[in-house]
Amino acid sequence: MSGGHPGRAVVLASGGMDSATAAAVAREAGYDLHLLHTSYGQRTETKEYECASAQAEAFDAAFRQLTTDHLSAVGGSSLTDEGVDVADADLESDEVPSSYVPFRNANLLSMAVSYAEAHDCDAVFVGAHSEDFSGYPDCRPAFFEAFQRVVDVGTKEGTDIAIEAPFTEWSKTDIAERGLELGVPYDLTWSCYRDEAPACGTCDACAFRLQAFQRLGERDPIDYAERPDYTEP
C-alpha cells in the first residue's frame, strides 16, 4: 500500500442492509471493495444473491458468489429447514431464535479470510450489530476479537488481515441513519427471513428493519405484505 490508501476490503455481502452499509463505510474509508456473497440453502437465497450482485454494481465492486450446502445439510435453523417455521418477531426476547444458523459467521468469515489472503486484501468487513448479538452468539464483539486472533495465527507470515465489524455497538436505527447519510441503495437490499417478494413484514428481520426506518421517519423503499408499526412501546 502506498500514499495512505487503505487497500482492498472483502465485504461479507448477504444482500441485506447491514452489509450494504458496511460496504458503504468501507468505501468511504477508501478501500477498493470485493463483495463476497454466500448461498448456503437459506430460504431467500435467490433474492439475496440478486440484491448482493446489484449492490456490487452500485458500489463498483468486484463480486464473487460462493455456493455451499453444508450449513443447510447440518440443519438446526428455520432459515435452512423448510420443516421449521420462521417465528413472528419478538423484539424483546433474549433467547436464541430459531433463525440462528449454528456457527454461521465462523464459516462465512473463514471463507472471506481465505478470499482475502488469496487476493491480497487488507480487511474483511461484516455488518453484525448490537441487536444481533442479544440472540446470536456469533455476532458478539468477543467473537470477532477471538476470530481476529485465529486469523493472525492461521494465515501465512506477513499477512495482515483486519476483521472489521464497525456496528457491534450500534443499533439497527444507527445503521440505517448512517446508511442514509452515505446514500446506501436500500432499495437494492433484502432482509426478510421468510419470503422473496414481497417481504413479510412480521419476522424478526423485517421488524428490526421497519422499526429502524420508522424511528427515523423514513419509508423503507422495499415492498412488504404488511407494515406494522414497531415504534410503539
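I'll start with the helix pair and then go through the salt bridges.

First, the ground rules. This is a predicted model, where local features need pLDDT of at least 70, side-chain atom pairs count only at pLDDT 80 or more, and totals for chains, interfaces and linings use all residues. Residues are numbered from 1 along each chain as its sequence is written, and side-chain values use heavy atoms, with hydrogens and water left out.

Now the helices. Helices are DSSP runs of H or I, at least four residues, numbered from the N terminus. Look at helix 1, residues 17–28, and helix 7, residues 172–182. Their axes come within 10 Å and cross at roughly 50°. Axes here are lines fitted to C-alpha atoms over the stretch in contact, with angles from 0 to 180 degrees between N-to-C directions. Helix 1 and helix 7 are therefore oblique to each other. Oblique is what remains after roughly parallel (under 35 degrees), roughly antiparallel (over 145) and roughly perpendicular (65 to 115). The crossing of helix 1 and helix 7 is left-handed, meaning the near helix is turned anticlockwise from the far one by less than a right angle.

Who makes the contact, with heavy atoms within 4.5 Å? Helix 1 brings Met17, Asp18, Thr21, Ala24, Val25, Arg27 and Glu28. Helix 7 brings Lys172, Ile175, Ala176, Arg178, Gly179 and Leu182.

On to charges. Side chains of opposite charge can pair when their charged atoms come close. A salt bridge needs a side-chain nitrogen of Lys or Arg within 4 Å of a carboxyl oxygen of Asp or Glu. The whole structure holds five salt bridges.

Glu28 pairs with Arg178 in one of them, closest N and O atoms 2.6 Å apart. That joins helix 1 to helix 7, across 150 residues. Arg178 also bridges to Glu181, at 3.0 Å. Those two both sit in helix 7, three residues apart, about one turn.

How accessible are they? Buried is under 20% relative accessible area, exposed over 50%, partly exposed in between, with a 1.4 Å probe and protein chains only. Arg178 is at 23%, so it counts as partly exposed. Glu181 is at 54%, so it counts as exposed.

Last pair. Asp220 bridges to Arg209, closest N and O atoms 2.6 Å apart. Arg209 is in helix 8, and Asp220 is in the segment after it, eleven residues away. Asp220 is buried at 2%. Arg209 is buried too, at 0%.

Methods
Contact means heavy atoms within 4.5 Å.
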